[in-house]
Amino acid sequence: MLDAICLFDESNPITYSVFKFQKLDELDIEKYRQALVCPVCAGKAYYRKASKDGKAACFGSRYHQSDCREFKPSAAKVREEQHAIEVNQLLVDSDAMIIDFSRRPSIENTQTDKSKKTVVAKVTDNKPAANKHVEAKALKPEQQEALKPAPALQVEEQTQASPEKRIAKEGLEKILNSLMRGSDLASSELWVYTDEKYRWRAKNLFVNFADATPTDNGSPRMYWGTISHTDKEGLWLNPADSQDVGIPIEGIKADLQQRFGLDDRRDFEGAGIILLGKCFWNKAKNRKIIQLWGKDLNRIFISKSEDSE
């Protein structure tokens with residue numbers, strides 16, 4: 001389980017994610033760990049801290065009701081929770097992360113392939129040419145930092161740990177699942193590369209739709225959240241996280257449907273989504289539009305709700 005309810009103060013129950021619970025000081029952990037229950041069936045729960053051999057911290061219970069979904073989680077839920085755990089561990093083990101926009105989802109895999117080679121990168125001193133379309137001087141200092149050209153990356157695979165800086169490489173599916181399941185990625189100081197030129201602090205790059213605001217010079221962000229519904233014509237996606245944000249998909253709707261198995265309008269409802277896009281106001285200044293960067297389908301990922309499958 002990634003979540004548990006603490007009933008230490010029964011008049012004020014608190015739901016903790018395992019990521020937040022493990023950050024409490026030792027005294028609070030010892031005080032609260034015997035007051036934990038399953039958030040679904042209220043069965044007595046326990047907390048198991050991270051082990052020295054690399055096993056992640058977790059919640060669990062031996063008292064689930066037989067029909068509790070935490071007792072018999074779906075394959076999709078197991079996969080999403082595993083992704084959240086892996087990304088949180090990545091924040092500890094890595095110096096930076098490259099977003100692999102070309103990586104296609106592997107829905108069948110619900111566990112990490114332990115034999116998979118670790119992806120690392122060497123950071124060189126090569127400085128790429130400046131992007132002529134970005135007027136960095138007009139940006140605020142923190143924005144200049146976000147758009148600062150990064151050293152060129154020479155990515156190579158190694159089977160053992162490297163003395164060079166460790167740079168992880170992840171696709172959009174795992175990143176979205178981790179954000180949806182409450183990983184610390186969205187608030188992290190980790191450097192994230194969106195291409196070979198630019199790097200961003202994760203906390204400045206990943207933006208939930210509820211927090212979306214137009215950016216200076218139309219600089220992109222990784223926007224994520226849940227789709228509420230589409231319009232009747234299926235030309236706009238409306239996020240559940242915010243009522244004043246719209247995502248236009250005219251011209252790419254058919255490709256999106258084919259790529260992510262979205263057979264009809266209902267399949268969009270409740271789906272998770274992440275995309276690299278720019279946010280700007282409509283002409284009336286009453287609605288924010290998030291447009292997919294370059295209409296490149298590699299820069300968007302949609303995960304259908306379990307109820308749609």
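Residues are classed as buried when their relative accessible area is under 20%, as exposed when it is over 50%, and as partly exposed in between (1.4 Å probe, protein chains only). The structure is a predicted model, in which local features need pLDDT of at least 70, side-chain atom pairs count only at pLDDT 80 or more, and totals for chains, interfaces and linings use all residues. Residues are numbered from 1 along each chain as its sequence is written, and side-chain values use heavy atoms, with hydrogens and water left out.

Methionine 222 counts as buried because its relative accessibility is 0%. Methionine 222 lies in strand E13 (residues 221-230), strands (E, at least two residues) being DSSP runs numbered from the N terminus. Beyond residues up to four places away in sequence, methionine 222 has contacts (heavy atoms within 4.5 Å) that include Ile99, Phe101, Leu172, Phe206 and Ile274. Its C-alpha atom is separated by 10.0 Å from that of leucine 176, 46 residues apart along the chain.

A nonpolar core is defined as a set of buried Ala, Val, Leu, Ile, Met, Phe, Trp, Tyr and Cys residues joined through side-chain atoms within 4.5 Å. The largest such core has 46 residues, of which Ile99, Phe206, Ile274 and Ile302 touch the most other members. Strand E16 (residues 272-281) supplies the largest share of this core, five residues. A second, separate core comprises 20 residues, among them Met1, Val18, Tyr32 and Ala45.

Cysteine 6 is buried at 4% relative accessibility, and cysteine 279 is likewise buried, with a relative accessible area of 2%. The structure holds zero disulfides, a disulfide being a pair of cysteine sulfur atoms within 2.5 Å.

Terms used: Helix = DSSP H or I, 4+ residues; strand = E, 2+ residues; numbered from the N terminus.
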